[in-house]
Structure formats: structure tokens, C-alpha cells
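These notes are meant for a colleague who is opening this structure for the first time. Please keep the sequence and the 3D view side by side while reading the numbered points.

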Amino acid sequence: MDYRKKAVVIQAFKYGVDGWPDWFHDKVNTNEVITRRGEVVVGPFDYTENTWCEIHTLEGVMRADYGDYVIQGVKGELYPCKPDVFEATYDPETTGMAFGLALGAMKEGKKVARAGWNGSNQWVVMMPSLYLPPHSTQEPGAKVNDRTAKHIGVDTPLDSQPYCALFNAQGKWQPGWVPSQGDLFAEDWRVVD
């Protein structure tokens with residue numbers, strides 16, 4: 001059978017040419033990546049033509065030489081890729097999508113964000129509808145909690161309709177996110193891994 005690679009957006013940088021992104025720096029700090037020049041372990045930005053890094057992957061230790069791409073995969077894993085293979089496989093993400101497509105992605109259970117947002121690591125997701133029996137029920141399993149029952153009544157089931165929630169740059173969960181006019185008409189939406 002023939003197969004087509006699924007369309008996913010990956011993050012990558014050119015080792016020794018581009019600055020280190022945070023996700024790569026985090027792997028260096030945990031020794032999942034070791035940067036070397038000969039037998040010497042070197043610091044984050046001590047690049048020369050004979051610098052490389054060793055990346056611990058599920059397949060073993062792999063080497064990224066100066067000028068190779070380092071890719072962060074869909075599950076946060078890192079792996080090196082030679083420039084010719086990378087450029088034949090990936091195109092730069094130059095344009096995003098309109099809000100309608102972002103909404104469609106949220107309905108599929110994906111997280112979305114705008115490239116133009118000032119805060120990093122924030123995203124929006126659609127929370128699906130949820131039905132819970134009343135707090136007063138004797139049924140086993142999940143039921144309305146004390147905090148919600150205080151407002152809707154102990155004998156009232158919860159029938160929550162879908163809504164959007166924002167995970168903001170401060171790492172806080174904000175239910176009930178509503179897009180601004182700028183968000184609605186922006187075309188820089190993207191799916192977040």
C-alpha cells in the first residue's frame with residue numbers, strides 16, 4: 001500500500017547556526033543532549049564547525065553535526081536530521097490558519113494557539129459537553145461536586161455544554177475563553193502539539 005505522511009507541524013532548528021530554543025535547552029539541562037567539541041563537553045553557544053551534539057533517543061544515542069537540523073517530534077522527542085533530508089521533507093510554516101479552521105481543529109480535540117500572541121506556551125482547547133448526576137445521588141462514580149452543587153442545588157444534575165478554555169502563559173486554566181475580534185479575523189492560528 002501507499003502511505004502519505006500525516007500533516008503535522010514540528011519544531012526544529014539548525015544546530016550551530018540558529019540559537020537554541022527552550023525545548024532543546026531543557027534537554028541539555030537534563031543531559032538528554034550533550035554538546036561536544038572533540039572529547040570536551042562545551043557550553044550552550046560554544047559553536048564551531050567541529051561542534052556536535054549527542055541526543056539520547058529511543059533508538060540510542062544519535063549525533064547532530066554542525067548545520068544539521070534538530071527536530072522536536074510530536075511527543076517531545078528529539079532527533080537529528082541531515083539538511084538535505086529535512087528540506088525535502090519539511091516546508092517552513094509561513095502562514096497559519098483562519099479561526100474557522102482553528103475551531104474545527106478544537107472540535108477534533110486539538111489545542112490551538114495564535115502565532116501573534118505575546119505570551120508563550122498558551123493555547124486554547126474546546127472542552128466537550130459533560131453530564132453529571134446530582135450531588136445527592138447514591139449512584140457510584142462521578143457526580144456534581146460540592147462547589148458546583150452550592151450554586152445549582154444538591155438535587156440538580158450538571159448538564160455542561162461545550163466551551164473553550166485557555167491555558168495561559170502563567171500556567172493557569174481559564175474556562176470560558178471567548179475570542180476577541182482580532183482573534184476571529186486573524187490568520188495566524190496553528191495547532192499546538
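1. Buried here means under 20% relative accessible area, with a 1.4 Å probe and protein chains only. Helices (H or I, at least four residues) and strands (E, at least two) are DSSP runs, numbered from the N terminus.

2. On the source: this is a predicted model, in which local features need pLDDT of at least 70 and side-chain atom pairs count only at pLDDT 80 or more, while totals for chains, interfaces and linings use all residues. Residues are numbered from 1 along each chain as its sequence is written, and side-chain values use heavy atoms, with hydrogens and water left out.

3. Trp189 deserves a separate look. Not counting residues up to four places away in sequence, Trp189 touches Gly96, Met97, Ala98, Phe99, Ala102, Val112, Ala113, Arg114, Trp117, Trp177 and Asp183, where contact means heavy atoms within 4.5 Å.

4. Aromatic pairs come next; rings of Phe, Tyr and Trp (its six-membered ring) pair if their centres lie within 6.5 Å, and planes under 30 degrees apart count as stacked, over 60 as edge-to-face and the rest as tilted. By this rule the count comes to 11 aromatic pairs. In one of them, Tyr69 and Phe86 are stacked, at 3.8 Å centre to centre and with 10° between the planes. This pair links distant parts of the chain, 17 residues apart, with Tyr69 in strand E6 (residues 69–72) and Phe86 in helix H2 (residues 83–89), and both Tyr69 and Phe86 are buried.

5. Trp117 and Trp189 form an edge-to-face pair, with 5.4 Å centre to centre and 80° between the planes. Trp117 lies in the loop between strand E8 (111–114) and strand E9 (123–127) and Trp189 in strand E14 (residues 189–192), so the pair ties together parts that are 72 residues apart in sequence. Trp117 is buried, with a relative accessible area of 15%, and Trp189 is buried as well, with a value of 1%.

6. Which residue has its charged end over the ring of Trp52? The residue is Arg63, 3.9 Å from the ring centre, and Lys111 lies over the face of Trp123, at 4.6 Å from the ring centre. A charge sits over a ring if NZ of Lys or CZ of Arg is within 6 Å of the ring centre and within 35 degrees of the ring normal.

7. Finally, strand pairing, which requires that DSSP finds at least two bridges between two strands. E9 and strand E12 (residues 163–167) pair in the antiparallel sense over five bridges, and Met127 stands opposite Tyr163 in E12. E12 also pairs with strand E13 (residues 173–175), in the antiparallel sense and over three bridges. In the hairpin of E12 and E13, with five residues between the strands, Gly171 takes a positive phi near 80°.

Technical notes:
Buried means under 20% relative accessible area, exposed over 50%, partly exposed in between (1.4 Å probe, protein chains only).
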